[in-house]
Amino acid sequence: MPEHDVRLQHLKVWLDEQLAKLFLTEGWGAVPPATLTAASSDASFRRYFRWEGQGRSFIVMDAPPPQENCKPFVDIARLLATSGINVPVIHAEDLERGFLLLNDLGNKTYLDVIDANNADVLFKDAIAALLAFQQLPMDAPLPSYDVALLRRELELFPEWYVRRHLDIEFDEKQQTAWDRVSALLIDSALAQPKVLVHRDYMPRNLMLSESNPGVLDFQDAVYGPVTYDITCLFKDAFLSWPQERVLAWLQDYWHQARQAGIPVHPQFEAFEQASDLMGVQRHLKVIGIFARICHRDGKPRYLGDVPRFFAYIEAVVARRPELAELGELIASLQAKAGATA
């Protein structure tokens with residue numbers, strides 16, 4: 001029997017034990033007959049199952065050590081829950097084996113349902129949740145978005161997209177331009193006040209739930225730039241919005257953040273500039289990650305969304321003269337890639 005099937009058998013035995021305890025504790029009677037079906041998987045080694053029986057449902061996370069570590073998920077879920085955010089309730093945990101029993105936040109993400117008509121309402125709820133966890137005191141033992149992390153993320157672009165995917169080596173002029181652009185983006189990020197940062201706060205990780213949104217995939221949270229998550233929310237890998245709407249949502253967030261005492265810049269124009277530069281740092285990182293997932297992990301479909309991120313970057317470059325050098329660098333790479341295609 002393949003190893004993952006053996007693991008699934010262990011998971012089922014553990015799950016039966018935990019459900020029996022939970023049903024007894026809650027006074028729900030005997031555990032009913034139920035189904036266990038695949039709920040989702042992601043780009044990591046984690047996988048999820050949905051247990052359903054007699055009107056009740058739970059999510060079971062299988063995160064095999066040593067590739068995955070459930071502890072950050074558990075710790076950050078409990079931290080976020082203190083601010084009233086709708087994160088999974090952890091009914092049972094076995095950190096050593098990588099098993100978690102969670103409540104079910106539903107089977108529809110924001111990405112599944114969001115459109116031009118309901119986006120204002122859904123994003124209003126998403127902003128409210130974001131403001132709640134940005135007000136948490138920064139006393140948890142979480143890492144910071146420091147120079148090393150920001151630089152490591154940026155370097156994914158030349159390492160995986162330029163060298164590995166385009167098969168291009170920076171020449172001296174391109175390397176100098178890249179170094180200057182990287183320094184500008186890193187300095188801008190470090191100059192921002194810090195808050196708790198989810199790092200992937202986007203419609204795919206927000207569930208249509210009661211109450212909205214159910215928040216997932218927060219295990220990589222850090223303390224970092226205040227513009228990071230709000231920028232991420234509107235500049236997604238899978239859907240794009242007109243700039244006028246993004247600007248209106250950003251202004252709405254900015255006004256509410258100021259009222260809540262979150263340390264955003266007192267002038268919106270400066271806040272918007274910081275958001276633009278933060279977005280470019282993330283977009284370059286994501287392009288590198290998608291190239292890595294393709295070439296290292298054999299999952300080429302992610303490359304289909306790379307043009308969306310270049311479009312985000314080009315739009316920012318067009319309104320930010322300080323990024324003109326990045327625009328020239330990307331144009332030179334595209335020209336060279338076209339010449340060798």
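Tutor: Helices are DSSP runs of H or I with at least four residues, strands are runs of E with at least two, and both are numbered from the N terminus. This is a predicted model, in which local features need pLDDT of at least 70, side-chain atom pairs count only at pLDDT 80 or more, and totals for chains, interfaces and linings use all residues. Residues are numbered from 1 along each chain as its sequence is written, and side-chain values use heavy atoms, with hydrogens and water left out.

Student: In which helix is the place of Thr 231?

Tutor: Thr 231 is in helix α8, residues 228–234.

Student: Why does Thr 231 count as buried?

Tutor: Buried means under 20% relative accessible area, exposed means over 50%, and partly exposed lies in between, with a 1.4 Å probe and protein chains only. Thr 231 has 5% relative accessibility, so Thr 231 counts as buried.

Student: Which residues does Thr 231 touch, not counting residues up to four places away in sequence?

Tutor: Contact means heavy atoms within 4.5 Å. On that basis Thr 231 touches Ser 275 and Gly 279.

Student: How do you know that the span of α10 agrees with its 28 residues?

Tutor: The expected span of a helix is 1.5 Å times one less than its number of residues. For α10, residues 268–295, that should be 40 Å, and the end C-alpha atoms are 40 Å apart, so the two agree.

Student: What makes α10 mostly covered?

Tutor: Of the 28 residues in α10, 22 are buried.

Student: How are α9 and α10 placed against each other?

Tutor: An axis is a line fitted to C-alpha atoms, for helices over the stretch in contact, and angles between N-to-C directions run from 0 to 180 degrees. The axes of α9 and α10 come within 11 Å and cross at roughly 120°. In this contact, Leu 247 and Trp 254 are among the α9 residues, and Phe 271 and Ser 275 are among those of α10. By class the contact has 6 nonpolar, 3 polar and 1 charged residues.

Student: What does nonpolar cover in that count?

Tutor: Ala, Val, Leu, Ile, Met, Phe, Trp, Tyr, Cys and Pro count as nonpolar, Asp, Glu, Lys and Arg as charged, and the others, Gly among them, as polar.

Student: At what angle do α4 and α9 pack?

Tutor: Helix α4, residues 119–134, and helix α9, residues 243–260, pack at about 35°, with axes 11 Å apart. Residues in this contact include Leu 131 of α4 and Ala 257 of α9.

Student: Why is Ala 257 called buried?

Tutor: Its relative accessibility is 0%, so Ala 257 falls in the buried class. Leaving aside neighbours within four places in sequence, Ala 257 is in contact with Leu 131, Ile 262 and Val 264.

Student: Asp 167 and Arg 199 have positive phi; what are the values?

Tutor: Phi is about 60° for Asp 167 and near 90° for Arg 199. Most residues other than glycine have a negative phi, and most peptide bonds are trans.

Student: Which of the two is buried and which exposed?

Tutor: Asp 167, at 68% relative accessibility, counts as exposed, whereas Arg 199, at 17%, is buried.

Student: How many disulfides does the structure hold?

Tutor: A disulfide is a pair of cysteine sulfur atoms within 2.5 Å, and the structure holds 0.
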